[in-house]
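The entries below follow the order in which I looked things up.

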Amino acid sequence: MGDGDDGTGLRGWADRLAEDLARGNPGLRYANLAVRGRLAGQVHAEQLAPALALRPDLATVVAGMNDLLRPRFDADEVAGHLEAVFAALTARGARVATVTFPDVAQVTPLARPLGPRVTALNHRIREAARRHGVAVAETARHPVVTDPRLWSADRLHAGPLGHARIAAAVAHALGLPGSDDSWTHPLPPARRARGLEAAAAELRWAGAFLGPWLLRRLRGRSSGAGRTAKRPDLLPV
């Protein structure tokens with residue numbers, strides 16, 4: 001459950017996690033109800049009932065990043081929706097996992113004002129998870145998560161390496177066989193753009209991604225408009 005991937009058809013972290021689980025559980029069936037662009041309240045309203053109807057043994061719930069980007073952000077309201085989902089799933093006997101969010105300012109300097117929002121939401125996610133026995137993949141606490149090589153060109157969604165690391169983080173949080181903390185290890189050093197080169201890169205990103213994103217906000221449109229869950233039914237992996 002959650003706000004979905006980048007819409008490119010990329011093998012997302014939830015898909016990768018299901019594949020890992022299926023290696024030791026040949027009969028595993030997997031559904032993915034996430035939809036790109038959804039807010040936490042929409043995830044609660046639209047996805048919880050279908051998720052409960054599937055009677056899952058394990059569920060992942062990740063939402064809130066889209067809320068962080070909205071002008072009117074209320075950490076308590078967002079966390080309240082997530083906690084309601086945690087409570088409903090765990091009450092039905094499902095094991096639940098979630099993640100905390102990285103400091104987006106380390107990925108996109110223009111997002112520095114969002115830092116306090118991320119901190120506030122992560123604190124509430126941890127508290128809600130603790131109350132309901134939800135496993136938390138602490139991606140917020142490891143610098144590697146903000147390495148640009150883990151992110152797609154839009155800097156809002158994970159790239160292939162990022163999805164692999166998130167899947168490994170969730171597996172580790174759940175204590176799955178074969179999982180460890182290797183997902184926290186830094187990548188080999190890489191050359192970073194500086195000065196005018198870095199400024200030019202920021203301008204290109206703003207023109208290619210920030211501008212269109214702001215235009216959608218002004219028009220009241222979501223990048224997930226018209227999208228539906230890509231895998232709403234439990235199917236073999």
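Before writing down the order of elements, I noted that helices (H or I, at least four residues) and strands (E, at least two) are DSSP runs, numbered from the N terminus.

**Conventions.** I am working with a predicted model, in which local features need pLDDT of at least 70 and side-chain atom pairs count only at pLDDT 80 or more, while totals for chains, interfaces and linings use all residues. Residues are numbered from 1 along each chain as its sequence is written, and side-chain values use heavy atoms, with hydrogens and water left out.

**Whole chain.** I looked up the element count for the protein chain and found seven helices and five strands, which run α-β-α-β-α-α-β-α-β-α-α-β from the N terminus on. Of the 237 residues in the protein chain, 44% are buried, where buried means under 20% relative accessible area, exposed over 50%, and partly exposed in between (1.4 Å probe, protein chains only). The protein chain exposes about 12500 Å², and carbon and sulfur atoms supply 56% of it; accessible areas come from the Shrake-Rupley method with a 1.4 Å probe, and for residues only the protein chains shown count as cover. Among contacts in the protein chain with a separation of 6 or more, 77% join residues 24 or more positions apart, a contact being heavy atoms within 4.5 Å.

**H4 against H5.** I then turned to helix packing, for which axes are lines fitted to C-alpha atoms, for helices over the stretch in contact, and angles run from 0 to 180 degrees between N-to-C directions. Helix H4 (residues 75-91) packs with helix H5 (residues 115-132) at an angle of about 25°, their axes lying 9 Å apart. H4 is therefore roughly parallel to H5, given that angles under 35 degrees count as roughly parallel, over 145 as roughly antiparallel, 65 to 115 as roughly perpendicular and the rest as oblique. H4 passes H5 in a right-handed crossing; a crossing is right-handed if the near helix is turned clockwise from the far one by less than a right angle, and left-handed if anticlockwise. I listed the residues that make the contact, including Val78, Leu82 and Phe86 of H4 and Leu121, Ile125 and Ala128 of H5. By class, the contact of H4 with H5 has eleven nonpolar, two polar and four charged residues, where Ala, Val, Leu, Ile, Met, Phe, Trp, Tyr, Cys and Pro count as nonpolar, Asp, Glu, Lys and Arg as charged, and the others, Gly among them, as polar.

**H2 against H4.** For helix H2 (residues 40-53) and H4, I recorded axes that come within 9 Å and cross at roughly 10°, and H2 and H4 are therefore roughly parallel to each other. Ala40, Gly41, His44, Leu48, Ala51 and Leu52 of H2 make this contact with Val78, His81, Ala84, Val85, Ala88 and Leu89 of H4. The contact of H2 with H4 has nine nonpolar, three polar and no charged residues.

Which residue other than glycine has a positive phi? I found arginine 55, with phi near 50°, in the loop between H2 and strand S2 (58-60). I noted for comparison that most residues other than glycine have a negative phi. Arginine 55 counts as exposed because its relative accessibility is 70%. Glycine 93, in the loop between H4 and strand S3 (95-99), is also exposed, with a relative accessible area of 61%. The C-alpha atoms of glycine 93 and proline 56 are separated by 8.3 Å, although these residues are 37 apart along the chain.

**H1 against H6.** The axes of helix H1 (residues 13-24) and helix H6 (residues 160-174) come within 8 Å and cross at roughly 50°, so H1 is oblique to H6. H1 passes H6 in a right-handed crossing. Trp13, Arg16 and Leu17 in H1 meet residues of H6, among them His163, Ile166 and Val170, and the contact divides into eight nonpolar, one polar and one charged.

Leucine 161 lies in helix H6 and counts as partly exposed at 33% relative accessibility. Leaving aside its neighbours within four places in sequence, leucine 161 is in contact with Arg149, Leu150 and Leu187. Aspartate 20 lies in helix H1 and, at 40% relative accessibility, counts as partly exposed. From aspartate 20 to alanine 168 I recorded 9.3 Å, C-alpha to C-alpha, across 148 residues in sequence.
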